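Open your viewer, and let's take a walk through this structure together. At each stop you will hear what to select and what is there.

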Amino acid sequence: MTMEIEVRDAAPADLGRVVALLAAQLQEHAIPIAPEALRYAAEGLVGHAERGAVLLAWAEGEPVAVAAMSYSWTLEHGGPIAWLDELYVVPELRCRGIGGRLLLAAMERARTDGRIAMDLEVETSHVRVEGLYAREGFRPLDRRHWTRRLDRGVPHLPDEHYI
């Protein structure tokens with residue numbers, strides 16, 4: 001059975017659906033974030049093309065996948081890049097080409113927006129998805145991703161929303 005998939009930019013009216021899909025992704029990977037913080041972060045991308053883009057894949061009138069990317073400027077790539085922060089397909093529709101279609105759409109959107117590279121990370125336990133990225137020309141780097149919060153306070157959100 002072939003499923004008709006439409007990929008398009010998320011609009012402000014789609015914000016609830018975007019947040020729901022992103023929350024499912026983060027929960028699946030045991031990444032804690034308060035709902036208010038996730039909504040704030042998603043609002044910062046949806047409808048703000050200078051910051052990045054959020055794409056939704058739709059099937060039968062429902063969003064079934066999301067890709068969220070932020071834009072940055074790096075010395076390593078020599079200019080503007082896209083960071084693919086999240087790419088998520090609802091579990092029951094995985095392995096049907098939706099993730100690949102969404103990844104290609106995100107890459108094209110980034111290219112159209114003047115980005116010269118796309119970076120992403122994959123959890124070491126999430127080996128299955130590495131094939132998707134390898135098929136599209138991504139290569140692993142021999143590095144570790146490090147992070148540190150710089151400021152627990154974010155405008156419009158009280159500190160207790162951050163873990």
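Start by selecting Arg115 and showing whatever surrounds it: leaving aside neighbours within four places in sequence, Arg115 is in contact with Tyr71, Ser72, Pro80, Ile81, Ala82 and Ala110, where contact means heavy atoms within 4.5 Å. Before going further, note that this is a predicted model, in which local features need pLDDT of at least 70 and side-chain atom pairs count only at pLDDT 80 or more, while totals for chains, interfaces and linings use all residues. Residues are numbered from 1 along each chain as its sequence is written, and side-chain values use heavy atoms, with hydrogens and water left out.

Stay with Arg115, in the loop between α3 (98-112) and β5 (117-120). Helices (H or I, at least four residues) and strands (E, at least two) are DSSP runs, numbered from the N terminus. The Arg115 side chain does reach the backbone oxygen of Asp113, at 3.4 Å.

Next, select Thr74 in strand β3 (residues 62-74). Thr74 is buried, at 18% relative accessible area, and its side chain reaches the backbone nitrogen of His77 at 3.2 Å. Not counting residues up to four places away in sequence, Thr74 touches Gly79 and Ile81.

The largest nonpolar core has 44 residues, and Met69, Leu103 and Met118 have the most contacts inside it. Such a core is a set of buried Ala, Val, Leu, Ile, Met, Phe, Trp, Tyr and Cys residues joined through side-chain atoms within 4.5 Å. Colour the elements that give two or more residues to this core: α1, α2, β2 (52-59), β3, β4 (79-89), α3 and α4 (127-135). Then centre on Met118, whose contacts beyond four places in sequence include Met69, Leu84, Leu103 and Phe138.

Move to helix α2 (residues 35-43), where the buried residues are Ala37, Leu38 and Ala42. Why are they on the same side of α2? They cover an arc of only 135° around the axis, taken from the directions from the helix axis to the C-beta atoms. Among what covers them is α1 (15-28). Pick Leu38, which is buried at 8% relative accessible area; leaving aside neighbours within four places, Leu38 is in contact with Val19, Leu22, Ala23, Leu26 and Ile33.

Finish with the charged pairs: the whole structure has seven salt bridges. In one of them, Glu28 meets Arg94, with the closest N and O atoms 2.8 Å apart. Glu28 is in helix α1 and Arg94 in the loop between β4 and α3, so this pair ties together parts 66 residues apart in sequence. Within α2, select Glu43 and Arg39, four residues apart, about one turn of the helix; their salt bridge is 3.6 Å, N to O.

Methods
A polar contact is a pair of N or O atoms within 3.5 Å; within protein, one must be able to donate a hydrogen and the other to accept it, and residues adjacent in sequence count only if both atoms are side-chain atoms. Buried means under 20% relative accessible area, exposed over 50%, partly exposed in between (1.4 Å probe, protein chains only). A salt bridge is a side-chain nitrogen of Lys or Arg within 4 Å of a carboxyl oxygen of Asp or Glu.
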